Amino acid sequence: MKLGLLIAIHISLYTGLFWLFPYRELGFALGIGSVMIWISVWDMLTFEIPDSATAMLALLAAAWLWFARPVMIWDHIAGGVIWPLLFWGIAALFERLRGEVGLGFGDVKLMLPIGLLCGALASVHVVLIASLAGVLLMGINGVLRRDRVENQALALGPFLVASGWAVWLALG
């Protein structure tokens, strides 16, 4: 897929979700959404999530927490700790059992800013939506290509940031 088309699709998706769940702090939404689009496009093209993008998203999430001061701030802080640890444990267990990497460390690190933005409780929805969307896309792709699903590689980052974006906006 051409880079320009890929970026246009992402901008349309993120804009559509923003209009569906209007968020009152436009500056944070533009910054966070832009970095999420960067992460998504890059991961789709390279199967890697840049550490600089994850760090920038984490800084934006921390700034949002500082200025927005959500009611359940401890839930957000816990989300930034618990979810990366859960992902790391799942990745390590999968690699130990299967002898291959199934979940990249970029996805593990990406859960820190997503957990900060959405909180520990709402991040359950992020992971559920991302997982279901990924499985659905793999199934559709497998049917269209008549390929076995287990032979397909899937970048999880785009699904995590898009579902994180939607959940964060819905919480707003």
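Which polar contact joins the side chains of Trp 64 and Glu 25? The contact between these two side chains is one of 3.3 Å, where a polar contact is a pair of N or O atoms within 3.5 Å, one able to donate a hydrogen and the other to accept it within protein, and where residues adjacent in sequence count only if both atoms are side-chain atoms. The model is predicted, with local features needing pLDDT of at least 70 and side-chain atom pairs counting only at pLDDT 80 or more, while totals for chains, interfaces and linings use all residues. Residues are numbered from 1 along each chain as its sequence is written, and side-chain values use heavy atoms, with hydrogens and water left out.

Trp 64 is placed in helix α3; helices (H or I, at least four residues) are DSSP runs numbered from the N terminus. With a relative accessibility of 6%, Trp 64 is buried, a term that means under 20% relative accessible area with a 1.4 Å probe and protein chains only. Residues up to four places away in sequence aside, Trp 64 touches Tyr 23, Glu 25, Phe 28, Arg 69, Pro 70, His 76, Leu 116, Leu 117 and Trp 168, contact being heavy atoms within 4.5 Å. Trp 168 in turn is in contact with Trp 64, and its other partners beyond four places in sequence include Ile 32, Ala 29 and Cys 118.

Trp 168 is also among the residues with the most contacts inside the largest nonpolar core, together with Leu 117 and Trp 165. A nonpolar core is a set of buried Ala, Val, Leu, Ile, Met, Phe, Trp, Tyr and Cys residues joined through side-chain atoms within 4.5 Å, and the largest one has 44 residues. At least two residues of this core come from each of α1, α2, α3 (51-68), α4, α5 and α6. Helix α5 supplies the largest share, twelve residues.

Asp 75 lies in helix α4 and touches Cys 118, Gly 119, Ala 120 and Leu 121, residues up to four places away in sequence not being counted. A polar atom of the Asp 75 side chain lies 3.2 Å from the backbone nitrogen of Leu 121.

The largest pocket has a volume of about 970 Å³. A pocket is an open set of points on a 1 Å grid over the protein atoms alone where a 1.4 Å probe fits, with protein on both sides within 12 Å along at least five of seven lines, and lining residues have an atom within 4 Å of a point. Of its 30 lining residues, Gly 102, Leu 103, Gly 104, Leu 154 and Leu 156 lie nearest the centre. Helices α4 (73-98) and α5 (105-145) are the elements that give two or more residues to this lining, and α5 gives the largest share, nine residues.

The second largest pocket has a volume of about 700 Å³. It is lined by 27 residues, and Met 44, Leu 137, Leu 154, Pro 158 and Phe 159 are the closest to its centre. Two or more lining residues come from each of α1 (3-20), α2 (26-46), α5 and α6 (157-171). Helix α5 gives the most to this lining, with seven residues.

Technical notes:
Grid points are joined across faces, edges and corners, and a volume is the space filled by probe spheres set on the points. Buried means under 20% relative accessible area, exposed over 50%, partly exposed in between (1.4 Å probe, protein chains only).
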